[in-house]
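Subject: Structure for your files

Hello,

The structure you asked for is below. My notes on it follow.

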Amino acid sequence: MIDPGSDSWNYVAAMFSYEFLGGGIEYDTIERIHRGEIDEWAEALTQSGLFDRAAVAQIADSWRQAPRQLFDMLVLDADEMTARRCSLAWSSLDRLAPLARLG
């Protein structure tokens with residue numbers, strides 16, 4: 001797990017936060033993260049060269065177990081309205097998740 005405030009957290013947040021700047025994030029992206037589909041972000045970490053494979057595997061495992069951690073990194077530098085909109089979308093997915101498991 002990456003500890004918030006650590007250098008690793010800051011590097012990862014800086015790499016990905018541009019996706020959420022200016023309201024550019026799509027609901028589908030939030031939905032995929034909520035489901036734990038984090039492979040595209042893990043692959044980006046691998047290709048960045050900033051982390052060795054073991055570190056990427058550890059980060060990816062922690063994101064699969066707690067996808068909110070990746071989401072929080074992504075909205076770290078977003079403007080207030082984008083962050084609020086994304087948080088509302090995440091909350092709605094939290095409410096719908098138990099219903100999706102029943103279906």
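**What was found**

From the N terminus on, the elements run α-α-α-α-α-α. The chain has six helices and zero strands; helices (H or I, at least four residues) and strands (E, at least two) are DSSP runs, numbered from the N terminus. This is a predicted model, in which local features need pLDDT of at least 70 and side-chain atom pairs count only at pLDDT 80 or more, while totals for chains, interfaces and linings use all residues. Residues are numbered from 1 along each chain as its sequence is written, and side-chain values use heavy atoms, with hydrogens and water left out.

Of the 103 residues of the chain, 38% count as buried (under 20% relative accessible area, with exposed over 50% and partly exposed in between; 1.4 Å probe, protein chains only). Among contacts (heavy atoms within 4.5 Å) between residues at least 6 apart in sequence, 69% join residues at least 24 apart.

Helix 5 is mostly covered, with six of its eight residues buried: P67, Q69, L70, F71, M73 and L74. Helix 2 packs with helix 5 at an angle of about 145°, their axes 8 Å apart (axes are lines fitted to C-alpha atoms, for helices over the stretch in contact, and angles run from 0 to 180 degrees between N-to-C directions). I30, I33 and H34 of helix 2 make this contact with P67, L70, F71 and L74 of helix 5. These residues divide into six nonpolar, one polar and no charged (Ala, Val, Leu, Ile, Met, Phe, Trp, Tyr, Cys and Pro count as nonpolar, Asp, Glu, Lys and Arg as charged, and the others, Gly among them, as polar).

For helix 3 and helix 4, the packing angle is about 160° and the axes are 10 Å apart. The two helices are therefore roughly antiparallel to each other (over 145 degrees; under 35 is roughly parallel, 65 to 115 roughly perpendicular and the rest oblique). D39, W41, A42, L45 and T46 in helix 3 meet R53, V56, I59, A60, W63 and R64 in helix 4. The residues of this contact divide into seven nonpolar, one polar and three charged.

Regards
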